[in-house]
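Let's take a walk through this one together, from confidence to ligand to surface. Have the viewer open and follow along.

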Amino acid sequence: MSAVKGILKGLGTTWRLLWERKHTVPYPDRRRVRSPRFRGRHELRRYANGMEMCVGCELCQVACPANAITVYAAENDPARPHSPGERYAFRYEIDLLRCIYCGLCEEACPTDALHLTQQFELAAFSRDALVYGRDLLVSPEASPFAIPDGVYPPFHGVTRRGEGEPAGVEGERERA
Amino acid sequence: MTALSPLLWVAGVAIKSLILVLLLLGGFAYLLLFERKILGYFQFRVGPNRVGPWGLLQPVADGVKALFKEDIVPAQADRTVYLAAPVISLFMALAAYAVIPVGPPLEVAGYTIPLSIADPGAGVLVVLAFSSLAVYGVALGGWASQSKYALLGGLRSSAQLISYEIAMALNILSVLVLAGSVRLADIVEAQRSLPYAIVQPLGFVLYLVCAAAESARAPFDLPEAETELVAGYHTEYSGLRMAMFFISEYIHLITQSSLITLFYLGGWLGPGFLHPVAWFVLKVAAVLFFFIWVRATLPRLRYDQLMALGWKVLLPLAVVNLVAYASWAALAG
Ligand code: SF4
Ligand code: SF4
């Protein structure tokens, strides 16, 4: 008898829920605002003048618990620098399949170059396509950050974007 | 009433069979959508809503998808039996419906057209026979796959499907005793004053439980108990063949719901403002809704619990029910 009572009680519960408001968010027609601290795919930001913030220090690579980051640094050409520092990341790769989106790389970055965005739609058809290189990681947009004073050596070059790229990047192209 | 010429009769049966098969397949497709929607609502979701307005074209999309899925026949399988099993399942499921009347006979141009493909005197027995034969599809499918999982699943499913037949048959007997006939139409007509759900509430509830078990519905969906088996007897099936097993399970459910409607809910009888067939369809839909509701509520039983329930609870109660109504019928003359 108690079993029958339990069954009836259960049926009553589901019946009540039938009429309640549905919680489905019809993604992707409607997207909810995510928390500002949400950690999505990475981005390497630029200063307001277009220079890359990343100085190729490799600290993010060391900090990453999943060994997802590979940084190869190269010296900046003083006449046409990529970053305001002495070096820049001439090769920069993040394997998004290994990444656990812990954000430790972001914490480790001394120049605040590395930033985890809100972007989470990362489906791809192959594993290789999910190893993001410079082409996908370095943001094309300039951020509202000015180059800090007294941090970098005084050879701030002019911004080089759109005027051809230094040798290292071409090497990267060939590899890809 | 004029007797039909043999040729007309054959043509009529052919047309009715075609209509019935199309209706059942369409009914299956939309029952599936109905179930997914209702289950969604029970679980705070909205269910399928991407294809067509309110997800109404989802069955079409599912059908196309099933058609183009890879069809695999295991190398070791007994090819003939392997290929025949889903066909047997589906055929038996469809055939069982042939004798179920969905309304009183239609009078068209002086001819009487019964609203079932055949109207044998022993209609109930025909349905039972075909429903029981469906076990062959399950057992053969499990055996022919040459896979341990499928074999065990097939044995389990057969054991389940037969452990309910006795209790179920006894419940049907109580109905037959009350109605005094084995013809489905007579059973419906006998309920003109009072549907049998009110006359024998115990039998009604017992039959609901048996019907759920017979059509392998939750909480008795043991054939494909995903947590214990890979998928049961159809583990090795894919694509359209898998779909045929799936379809026959759902058509069994439709058949059982129709039988419940005929046996206990007064079939097509109802207040005159709707056509009798409409009443029948509405009642069947209500029973189907009930089964979906139960599925959304109850967790799956364990295998031994199911057996214990079948033999130790349902069977004795069904006997009590039968004896009570049989003696009552005998005393009342
Ligand atoms: S988020 Fe964590 S796992 Fe991903 S790259 Fe950064 S440090 Fe590595
Ligand atoms: S992203 Fe930051 S931590 Fe990583 S190499 Fe560039 S500057 Fe260094």
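Helices here are DSSP runs of H or I with at least four residues, strands are runs of E with at least two, and both are numbered from the N terminus. With that in hand, find Trp54(B) in the loop between α1 (6-42) and α2 of chain B. Residues count from 1 along each chain as its sequence is written, with chains lettered from A and ligands numbered from 1 in the order written. It's a predicted model, so to speak plainly about limits: local features need pLDDT of at least 70, and side-chain atom pairs count only at pLDDT 80 or more, while totals for chains, interfaces and linings use all residues; side-chain values use heavy atoms, without hydrogens or water.

How does chain A score? Its mean pLDDT (the predictor's confidence in each residue, from 0 to 100) is 86, and 86% of its residues reach 70 or more. Residues 162-176 of chain A, though, fall below 50. Where pLDDT is low, the predicted coordinates should not be read in detail.

Now look at ligand 1. Its surroundings (a heavy atom within 4 Å) include His42(A), Cys64(A), Cys99(A), Cys102(A) and Cys105(A).

Over on chain B, Trp54(B) belongs to a nonpolar surface patch, along with Tyr30(B), Phe68(B) and others. Helix α2 (residues 58-68) gives the most to this patch, with four residues.

Finally, Glu35(B) forms a salt bridge (Lys or Arg side-chain nitrogen within 4 Å of an Asp or Glu carboxyl oxygen) with Arg217(B), the closest N and O atoms being 2.7 Å apart. This pair joins helix α1 to the loop between α9 (201-214) and α10 (239-264) of chain B, 182 residues apart.

Note on methods:
Contact means heavy atoms within 4.5 Å. Patches are made of residues with over 30% relative accessible area and no salt bridge: like charges are joined within 9 Å, nonpolar side chains (Val, Leu, Ile, Met, Phe, Trp, Tyr) within 5 Å. Accessible areas come from the Shrake-Rupley method with a 1.4 Å probe; for residues, only the protein chains shown count as cover.
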